[in-house]
Amino acid sequence: MRKNIKITEGIFPMPVLMVATYNEDGSVNVMNAAWGTMIERDRIVLSLTETHKTVKNIKERKAFTVSIADSKHIAQADYFGIVSGNNTPDKFEKSKLTAIKSENVDAPIINEFPICMECEFIEYGDCGVIGKVVNTSVDENVMNGNDVDISKVSAVAFDPYTHGYYKVTERVGNAFKDGLQIKQ
């Protein structure tokens with residue numbers, strides 16, 4: 001038996017993405033965005049309304065970074081989602097995290113988050129912000145040789161059903177391989 005529930009944003013897991021920009025004064029701005037994904041190999045879309053300080057900054061600077069939130073920094077990641085840069089211009093400073101300037105785009109890289117995609121702004125449309133990923137940098141501590149070890153990343157996912165965060169760590173299969181046993 002199935003039960004109908006009153007939720008429409010029911011895709012799980014949803015990524016917990018940290019979108020970072022520079023404010024007009026050069027200070028760092030970061031927001032938590034659960035509604036984002038890849039739409040092509042080098043294109044990312046973030047479903048953000050124009051009321052966000054981050055969107056204003058993206059349009060002004062023509063760049064942004066997207067980091068994967070990790071379980072070690074869940075308090076900061078959540079804080080970036082509940083406090084607006086429109087009302088709290090020093091919210092990044094209050095987080096006690098650190099950032100460096102990207103060498104590829106006019107946006108900051110947050111040092112503490114293990115994976116960061118550096119993006120050029122393409123357009124703002126019905127779906128939100130679309131950007132081109134020009135570089136991805138990874139903290140060497142989460143690598144196994146030349147590969148990212150997702151279990152070391154401790155990425156978190158957002159649960160839209162109960163508003164929880166969950167750590168994504170255990171590998172359960174091999175893409176493009178496990179299904180071959182059924183294909184025969």
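**Cores and cysteines**

This is a predicted model. Start with the largest nonpolar core, which has 21 residues. The members that touch the most others in that core are Val 19, Ile 44, Leu 46, Phe 64, Val 66 and Val 129.

Several elements each give at least two residues to this core: strands E2 (17-22), E3 (28-33), E5 (43-46), E6 (63-68), E9 (115-125) and E10 (128-138), along with helix H1 (53-61). E9 supplies the largest share, four residues.

Now take Val 129 by itself. Leaving aside residues up to four places away in sequence, Val 129 is in contact with Ile 44, Val 45, Leu 46, Leu 48, Val 55, Ile 58, Phe 64, Phe 121, Glu 123 and Tyr 124.

There is also another core, lying apart from the largest one. This other core has 17 residues, including Ala 20, Ala 77, Phe 80 and Phe 92. As background, nonpolar side chains in soluble globular proteins tend to be buried together.

For Cys 116, the nearest cysteine sulfur belongs to Cys 119 and is 7.8 Å away, and Cys 116 is in no disulfide. Is Cys 116 buried or exposed? Cys 116 is buried, at a relative accessible area of 1%.

Cys 127 is in no disulfide either, and the nearest cysteine sulfur to it, that of Cys 119, is 16 Å away. Cys 127 is exposed, with a relative accessible area of 54%.

How values were computed
Residues numbered from 1 in each chain as written. Predicted model: local features only at pLDDT ≥ 70, side-chain atom pairs only at ≥ 80, totals over all residues. Heavy atoms only, no water. Core = buried A, V, L, I, M, F, W, Y, C linked by side-chain atoms within 4.5 Å. Buried < 20%, exposed > 50% of the residue type's maximum accessible area, 1.4 Å probe, protein only. Contact = heavy atoms within 4.5 Å. Disulfide = S-S within 2.5 Å.
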